[in-house]
Amino acid sequence: MARTRKSKIRVLKDPDLQSGDAVWVYMRHSPGEDQTIFSQRKDVERYVADNQLVVAEWFVDEAKTAAEVAGRADFERMLAASRQQPPPVKAIIVWDLSRFSRDHLEAQFYTADLRLRGYQIISILDDIPSGEMGMVFEALIMWKNAKFLRDLQAATIRGIDALVSDRQVIDGKERVGFSGGGFPPRGYVARTVQVGTKPSGKPLTRTIWELTPDEDLRGRVARAWQIAIDAA
């Protein structure tokens, strides 16, 4: 008699957590996002208290991009811990699904992998219905998160391109190209100058890198040469 293979397709159901059940929480914050780890934690603590759950462990990645999972130490630690059998907790709570990843393929892969291991994934911000439509809503949310990342990357590139090709007269001389951020090379300092006024009335500024004597570096170079002379 032929065996019928059981389908691994599962519909999303409302969390069947009971009072006192243990859960994990994963939080991630990217530089520039309005929310913070603190604000995420407040929302999660409120959800946990309302549902009388117990947080067995908090996994937190601060200042980590949503573009990829590689390099997120606590996310990778959570994945390693999730391979225990039986699962040590019933669910993993996130502030929203973009905490996992804004790359929709990675987000789908890791949520599916964790669910197949027996974990429920609970997003407290995303309004995902139960039943078969839940999978549709979740896929749309992941697509929206990926589109946000692509739009942000495109806007960032446009902004940097505009800065490096901009022309302004500073200190009586025409200058082409300005800093898009980051730290200046050794021996240079960043100086912010006003080059105009925005339509809102606020000052329009540009940041330039200026060569300046670095006495600390000068002293160490001189000392290195002196050591070499003495050795010779």
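**Entry 1: Ser179**

I started at Ser179. Leaving aside neighbours within four places in sequence, I found Ser179 in contact with Leu163, Thr207 and Trp209. I note here that this is a predicted model. Ser179 sits in the loop between β6 and β7 (188–197). Is Ser179 buried or exposed? Its relative accessible area is 16%. Buried means under 20%, so Ser179 counts as buried.

**Entry 2: the whole chain**

Next I stepped back to look at the protein chain. I counted five helices and eight strands in it. In what pattern do they follow each other along the sequence? I read β-α-β-α-β-α-β-α-β-β-β-β-α.

I then looked up burial for the chain. Of its 232 residues, 30% are buried. The accessible surface comes to about 15200 Å². Carbon and sulfur atoms hold 56% of that surface.

I also checked how far apart in sequence the contacting residues are. I took contacts between residues at least 6 apart in sequence. Among these, 65% join residues at least 24 apart.

**Entry 3: the open sheet**

I traced a sheet of four strands. It is open, and its order is β2-β1-β3-β4. The pairing is parallel. Which strands are at the edges? They are β2 (54–62) and β4 (120–123), and each pairs on one side only. On average, neighbouring strands of this sheet are turned by 20° against each other, direction ignored.

A reminder to myself: strands of a sheet pair through backbone hydrogen bonds, either parallel or antiparallel.

Strand β1 covers residues 22–29. How many bridges join β1 and β2? I found eight, in the parallel sense.

**Entry 4: Val55**

I stayed with strand β2, where Val55 has its place. Not counting residues up to four places away in sequence, Val55 touches Val23, Val25 and Val48. I also looked at Val55 and Val89, which are 34 residues apart along the chain. Their C-alpha atoms are separated by 9.1 Å.

**Entry 5: the β5–β6 hairpin**

I moved on to strands β5 (residues 167–170) and β6 (residues 173–176). They run antiparallel, and four bridges join them. Together β5 and β6 form a hairpin with two residues between them. I noted two facing pairs. Gln168 stands opposite Arg175 in β6, and Ile170 stands opposite Lys173 in β6.

Which residues make up the covered face of β5? They are Gln168 and Ile170. The uncovered face has Arg167 and Val169. I recalled a rule that goes with this: in a regular strand the side chains alternate between the two faces of the sheet.

The turn holds Asp171, in the loop between β5 and β6. Phi of Asp171 is near 55°, a positive value in a residue other than glycine. Asp171 has 64% relative accessibility, so it counts as exposed.

**Entry 6: backbone values to look at again**

I located Gln52 in the loop between α1 (37–50) and β2. Its relative accessible area is 52%, so Gln52 is exposed.

Where is there a cis peptide bond? I found one from Gln85 to Pro86, with omega near 0°. Pro86 is in the loop between α2 (73–81) and β3 (91–94).

**Entry 7: a patch on the surface**

Last, I looked at a nonpolar surface patch. Which residues make it? They are Met133, Val136, Phe137 and Leu140. The patch is about 360 Å².

I picked out Val136 from this group. Its place is in helix α4 (residues 132–165). Val136 has a relative accessible area of 41%. That lies between the 20% and 50% limits, so Val136 is partly exposed.

Conventions. Residues are numbered from 1 along each chain as its sequence is written. This is a predicted model: local features need pLDDT of at least 70, side-chain atom pairs count only at pLDDT 80 or more; totals for chains, interfaces and linings use all residues. Side-chain values use heavy atoms; hydrogens and water are left out. Patches are made of residues with over 30% relative accessible area and no salt bridge: like charges are joined within 9 Å, nonpolar side chains (Val, Leu, Ile, Met, Phe, Trp, Tyr) within 5 Å. Accessible areas come from the Shrake-Rupley method with a 1.4 Å probe; for residues, only the protein chains shown count as cover. A salt bridge is a side-chain nitrogen of Lys or Arg within 4 Å of a carboxyl oxygen of Asp or Glu. Buried means under 20% relative accessible area, exposed over 50%, partly exposed in between (1.4 Å probe, protein chains only). Contact means heavy atoms within 4.5 Å. Two strands pair if DSSP finds at least two bridges between them. Axes are lines fitted to C-alpha atoms, for helices over the stretch in contact, and angles run from 0 to 180 degrees between N-to-C directions.
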